[in-house]
Amino acid sequence: TNVVIIPSWLEGLPNVGMEAMACGCAIIGTNVGGIPELVFNNENGCLFEPGDSLGLSSCMEQIMDKKILEKFEKKSRVIAEQKFDNKQFLKGYLKLYV
C-alpha cells in the first residue's frame, strides 16, 4: 500500500494513520479530529471535508502523480519519526509534567 485513506466523520488521533505513516504511506483524510495532525502542512498527504466526494477525488488525483506520491511517502516516514515515535511521546509527556 502506498496510500491510506481515512474518510471519518468524527475521529480522534487514529492509530491507523500513525501506523501508515511509520510504513511510509501517504495519507488522505477528512479534516476532522486529529487527522489534520497526521497530514502535516499538506507535505505528506491531503485533507478533504467529510462527505465531500469531489474533495476526495481531487486528493486522489493529486496523489496519482508519481513525484508527489514519492514526496508524500518520504515525508510521512520522517514526520512519523519526529512526531509519533515512542521516544517523542515520552519527551512530550515529560515537558507537560516536569
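Q: Which residues make the nonpolar surface patch of about 870 Å²?
A: That would be F89, L90, Y93, L94, L96, Y97 and V98. A patch like this takes residues with over 30% relative accessible area and no salt bridge, and joins nonpolar side chains (Val, Leu, Ile, Met, Phe, Trp, Tyr) within 5 Å. Keep in mind that this is a predicted model, where local features need pLDDT of at least 70, side-chain atom pairs count only at pLDDT 80 or more, and totals for chains, interfaces and linings use all residues. Residues are numbered from 1 along each chain as its sequence is written, and side-chain values use heavy atoms, leaving out hydrogens and water.

Q: Why is V98 called exposed?
A: Exposed means over 50% relative accessible area, buried under 20%, and partly exposed in between (1.4 Å probe, protein chains only). V98 comes in at 82%, so it counts as exposed.

Q: What makes C46 and C59 a disulfide?
A: Their sulfur atoms are 2.1 Å apart, and the rule asks for a pair of cysteine sulfur atoms within 2.5 Å. The pair links distant parts of the chain, 13 residues apart, with C46 in strand 3 and C59 in helix 3.

Q: Why is this disulfide of C46 and C59 called left-handed?
A: The torsion about its S-S bond is about -60°, so left-handed it is.

Q: Is C25 buried or exposed?
A: C25 has 5% relative accessibility, so it counts as buried. C23, at 64%, is exposed.

Conventions:
Patches are made of residues with over 30% relative accessible area and no salt bridge: like charges are joined within 9 Å, nonpolar side chains (Val, Leu, Ile, Met, Phe, Trp, Tyr) within 5 Å. Accessible areas come from the Shrake-Rupley method with a 1.4 Å probe; for residues, only the protein chains shown count as cover. A salt bridge is a side-chain nitrogen of Lys or Arg within 4 Å of a carboxyl oxygen of Asp or Glu. Helices (H or I, at least four residues) and strands (E, at least two) are DSSP runs, numbered from the N terminus.
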